[in-house]
Amino acid sequence: MKKKLLALLLTLCLVLGLFPMTVFAAVEENIHIVTFGDIKKVVKNYYDEDKNENVDLENIKIYSMKVHGMDKQGKPATVGGEIWAVVGDIGLQGTNGHLFSDDGWKVYDAALGNLNTINGVTIYAKVNEQEFPCKVDLDSWQYDKIDWNITEVNLKVNLSYDLNGGEGTLPERTAYVEHDLIDIANGEGLEKDLATFIGFSKTKPADVITTQAAQEAAGIIAGDFRIDQDTTLYAVWAEDKNGNDEPDYQETKYTVTYKDGVDGTVFKDEVHENLLVGEKTPAYNEGKKPTREGYVFGGWDPKPATEVSGNAEYVAKWTEKQILVSFLDSDNSKPVRPMDTIKFTATEAIVPPAAKDVTPVSGKVFKGWGIAASDGTVTSYEGPYTYDALAALVNAKDGWSFDETEGYLTFTPVFEDEPVTEMVTFTYKAGEHGSLEGAVSEKVTVFGPKGAYPTNVPTPVAAEGYEFAGWQVGENPEGEVTLLSSDELKTLPFAQDTIFVAVFKEIPVTTKEVGVNYWDVENNTQAGEGKVIVDKAATSVNTSKLTDIPAGYELVSLGELPIRDGWVYVEVKPIPTTKEVGVNYWDVENNTQA
């Protein structure tokens with residue numbers, strides 16, 4: 001086959017001058033040299049445009065050759081095409097085929113009639129009419145040797161990109177010649193939430209890389225990329241939570257610590273580690289304020305930064321709570337004594353001023369201390385005077401300062417009228433249809449202006465058909481009268497002698513009595529009379545309600561019987577007391593009735 005190729009070269013050299021010279025492209029790199037005779041073994045497949053895939057090689061045909069070199073002006077030049085020729089420095093050689101001379105390969109320039117130096121030869125092959133360039137190794141293609149060498153056929157291959165979960169624009173599927181060195185996309189403009197682009201890889205990596213080891217294992221392509229087959233390049237993303245386009249695992253990490261300022265007695269140090277510069281500073285306890293009994297939280301020292309810039313410690317500030325208590329004198333304008341201050345740390349209850357410390361008020365007696373409401377009413381307060389109890393009072397009246405560090409309470413004196421010692425007499429009488437059990441009169445001491453309270457109230461007893469309705473104040477009261485129960489009467493003070501009358505009322509009638517005439521129907525005579533109680537509106541009596549049936553009688557019929565003029569007539573008959581029994585006399589010897 002090599003001899004036939006040589007003959008073809010020699011034949012085509014004869015028509016070299018028919019074609020003009022054109023500027024040529026640079027010679028391809030990364031040449032894989034194989035012997036010409038082995039080309040079909042090396043080239044195993046080719047790219048089929050219609051099928052968009054590489055298919056088995058069945059036929060290869062060398063159809064043209066181009067020779068690359070430099071003309072006398074030192075400019076790149078190319079000759080060749082469908083008919084081409086190569087000559088030595090002795091001119092056109094038609095029969096002996098000398099293609100090589102001592103000073104190297106030469107190509108004949110038909111236009112100038114000169115030979116130019118050859119620095120490259122490309123043979124173009126067709127595989128099922130698809131063009132593929134093959135490169136000749138000039139160093140091994142010598143005049144007197146059979147072992148001419150050319151490259152394998154370079155097939156068309158495709159490059160695709162996969163954003164691997166990111167966003168942006170990358171080149172569409174691009175065709176190259178296999179074994180080409182190409183520049184891949186630089187990833188400019190690609191984005192992904194909480195991640196940064198760090199390169200492309202031939203293998204699809206994890207969604208987001210989080211360690212340096214994972215980055216090294218991802219196989220990120222560096223420098224020029226040699227494409228040998230259809231290839232997809234996958235975008236590689238590294239975690240970038242703070243959005244500074246630098247992988248988080250390559251950045252210095254920092255720590256933010258919250259301290260209670262009292263050696264951990266309120267809360268243990270809250271430590272937030274592995275924080276990045278620019279990351280939002282994490283809040284204490286997810287934004288909740290710390291609490292300390294008896295103190296008010298006053299913020300952090302220093303004030304937490306919005307973003308992390310390095311290691312930081314924030315210490316809680318506390319202000320001790322206190323309650324300021326004042327006890328006003330009788331005129332409610334000045335304190336009885338200087339204002340008392342009770343702090344949460346105090347272990348003893350305060351002692352309020354006694355009666356001797358309060359300015360007396362004529363006709364009044366000091367009873368104790370109370371809290372005045374906005375409407376002027378005073379509620380007595382009987383303690384205890386501890387911090388917890390007083391704090392509860394402050395909470396109830398919303399009496400804390402704006403920063404809740406101080407509470408304010410004011411107590412005002414409570415007075416009662418001086419008691420008046422005298423006696424009043426209470427007389428108890430029974431009205432109609434009743435009587436009283438117990439003493440009907442009592443003398444009671446009066447204390448204060450309100451009077452005295454009944455204590456030994458007798459028990460009212462109603463006559464038959466009546467019931468106790470209540471006590472009437474006074475024998476002949478005017479206007480509408482309010483009746484009081486015995487319990488209610490004991491709660492009312494009276495400042496003078498008073499008569500109380502027990503009032504009784506008739507019990508409403510809801511039934512009536514009906515006479516019963518029992519009639520002996522067998523002897524046609526009255527057997528007896530009885531009574532029965534029925535509903536007031538009843539017009540009949542059911543025999544089931546009769547309870548006084550004369551002895552020795554039984555009812556003739558059962559059911560409802562009409563009431564006539566206040567009587568109901570019931571038929572009865574005597575209950576039999578004897579009965580006739582037949583006697584059968586039997587002869588036992590003769591076994592027959594005697």
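Lys 367 and Glu 416 form a salt bridge, with their closest N and O atoms 3.3 Å apart. A salt bridge here is a side-chain nitrogen of Lys or Arg within 4 Å of a carboxyl oxygen of Asp or Glu. The two partners sit in distant parts of the chain, 49 residues apart: Lys 367 belongs to strand 22 (residues 364–372) and Glu 416 to strand 24 (residues 406–417). Helices (H or I, at least four residues) and strands (E, at least two) are DSSP runs, numbered from the N terminus.

How open to the outside are these partners? Lys 367 counts as exposed, at 52% relative accessibility, while Glu 416 is partly exposed, at 41%. Buried means under 20% relative accessible area, exposed over 50%, and partly exposed in between (1.4 Å probe, protein chains only).

## About the model

This is a predicted model, in which local features need pLDDT of at least 70 and side-chain atom pairs count only at pLDDT 80 or more, while totals for chains, interfaces and linings use all residues. Residues are numbered from 1 along each chain as its sequence is written, and side-chain values use heavy atoms, leaving out hydrogens and water.

## More salt bridges

By the salt-bridge rule, the count comes to ten. Another of them joins Glu 467 and Lys 505 (3.9 Å, N to O). Glu 467 lies in strand 29 (residues 466–473) and Lys 505 in strand 30 (residues 498–506), 38 residues apart. Glu 467 is partly exposed at 33%, and Lys 505 is partly exposed at 43%.

Lys 531 also forms a salt bridge, with Glu 513, and the closest N and O atoms are 3.7 Å apart. Lys 531 is in strand 32 (residues 525–535) and Glu 513 in strand 31 (residues 511–520), so the pair ties together parts 18 residues apart in sequence. Lys 531 is exposed, at 52%.

## A covered helix

Which residues of helix 4 (residues 387–396) are buried? They are Tyr 387, Ala 389, Leu 390, Ala 391, Leu 393 and Val 394. Their cover includes strands 20 (322–327), 21 (340–343), 22, 23 (378–381) and 24. After helix 4 comes Asp 398, whose phi is positive, near 50°.

## The whole protein

Altogether, the protein has five helices and 38 strands. Buried residues make up 37% of its 594 residues. Contact means heavy atoms within 4.5 Å. Among contacts in the protein with a separation of 6 or more, 57% come from residues 24 or more positions apart.
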